[in-house]
Amino acid sequence: MQDFLFYLKLGWEHIISLDALDHQLFVLALIAVYSFKEWKKILILVTAFTIGHSVTLALSILDIVRLPSDWIEFLIPLTIVLTAAGNILMKNKKQNQDKTHYYLALFFGLIHGLGFANTARVMIAKSQSIAVPLLGFNLGLEAGQIVIVFAILIILFILLNVFKINKKDWILFISSGVFALSLKMTLERIPF
C-alpha cells in the first residue's frame with residue numbers, strides 16, 4: 001500500500017507541479033473547445049490521454065519501447081502545437097473535432113508517456129511487479145488532470161456566463177496563447 005501511495009503522489013505531482021507546464025498546456029488545448037455542460041466528453045478525453053500515457057509507460061518499463069530523450073522532449077510540445085492549431089483551424093467544425101480529439105488524446109498520450117518513461121524505468125525496474133506502481137501513478141495523473149479540467153471549466157463558466165465572453169473568442173484566445181507558448185518550447189528543443 002505504501003508503494004501505491006508513493007506512485008499515486010508521484011502521478012499527481014507529475015501533472016500538478018510547476019514543472020508540468022507541458023502537460024497542463026496540453027490539457028488546456030485539449031479541452032478549450034468544450035464547455036462545462038460537456039464535462040463527460042472531457043473526462044473521456046483526459047482518460048484517453050491517461051490510457052495512452054499508461055501504455056507507453058508500461059512498454060518503456062518493460063524495455064519494449066525506447067526513444068532518445070531529446071526527441072521526446074521535442075515531440076511533447078509539438079503535440080501541444082498540433083492540438084492548439086487544430087482548435088484554431090477547426091473552430092467551426094465541432095462534430096469533426098470531437099472525434100479527432102479522442103484519437104489525438106490517445107495518440108499524444110503515448111508520446112507524453114515517454115516523457116516520464118526513463119525515470120519510471122529506473123524507479124520501477126527494481127520492483128517485483130509493475131502493476132501497482134503503474135496503477136498508482138496513472139490514478140494520480142488522472143486525479144490531477146481532473147482537478148485541472150474542473151478549474152478550467154469553472155473559469156470558463158464564469159467568463160461565459162458572468163462576463164459574457166464569446167466562446168469562439170475564448171477558443172481563439174486560449175488556443176493562440178497555448179500555440180505560441182508550445183511553439184517556443186518546440187523550437188527550443190529541436191533535437192537536430
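At roughly what angle do the axes of α2 and helix α3 cross? The axes of α2 and α3 (residues 39-61) cross at roughly 140° and come within 10 Å. Axes here are lines fitted to C-alpha atoms, for helices over the stretch in contact, and angles run from 0 to 180 degrees between N-to-C directions. Helices are DSSP runs (H or I, at least four residues), numbered from the N terminus.

Before I continue, please note that this is a predicted model, in which local features need pLDDT of at least 70 and side-chain atom pairs count only at pLDDT 80 or more, while totals for chains, interfaces and linings use all residues. Residues are numbered from 1 along each chain as its sequence is written, and side-chain values use heavy atoms, with hydrogens and water left out.

From α2, the residues in contact (heavy atoms within 4.5 Å) are His23, Phe26, Leu30 and Ile31, and from α3 they are Ile42, Leu45, Phe49 and His53. Six of these are nonpolar, two polar and none charged. In this classification, Ala, Val, Leu, Ile, Met, Phe, Trp, Tyr, Cys and Pro are nonpolar, Asp, Glu, Lys and Arg are charged, and the others, Gly among them, are polar.

I turn next to helix α7 (residues 167-188), whose axis comes within 10 Å of that of α2 (residues 21-31), crossing at roughly 150°. The two helices are therefore roughly antiparallel. Leu21, Asp22, Leu25, Leu28 and Ala29 of α2 meet Ile174, Val178, Leu181 and Met185 of α7. This contact has eight nonpolar residues, no polar ones and one charged.

Finally, I come to the lining of the largest pocket. Residues of this lining include His14, Asp22, His23, Glu73 and His112. At least two lining residues come from each of α1 (2-16), α2, α4 (69-89) and α5 (94-124), with α5 giving the largest share, three residues. The lining divides into three nonpolar, five polar and four charged residues. A pocket is an open set of points on a 1 Å grid over the protein atoms alone, where a 1.4 Å probe fits, with protein on both sides within 12 Å along at least five of seven lines; lining residues have an atom within 4 Å of a point.

How values were computed
Parallel < 35°, antiparallel > 145°, perpendicular 65-115°, else oblique.
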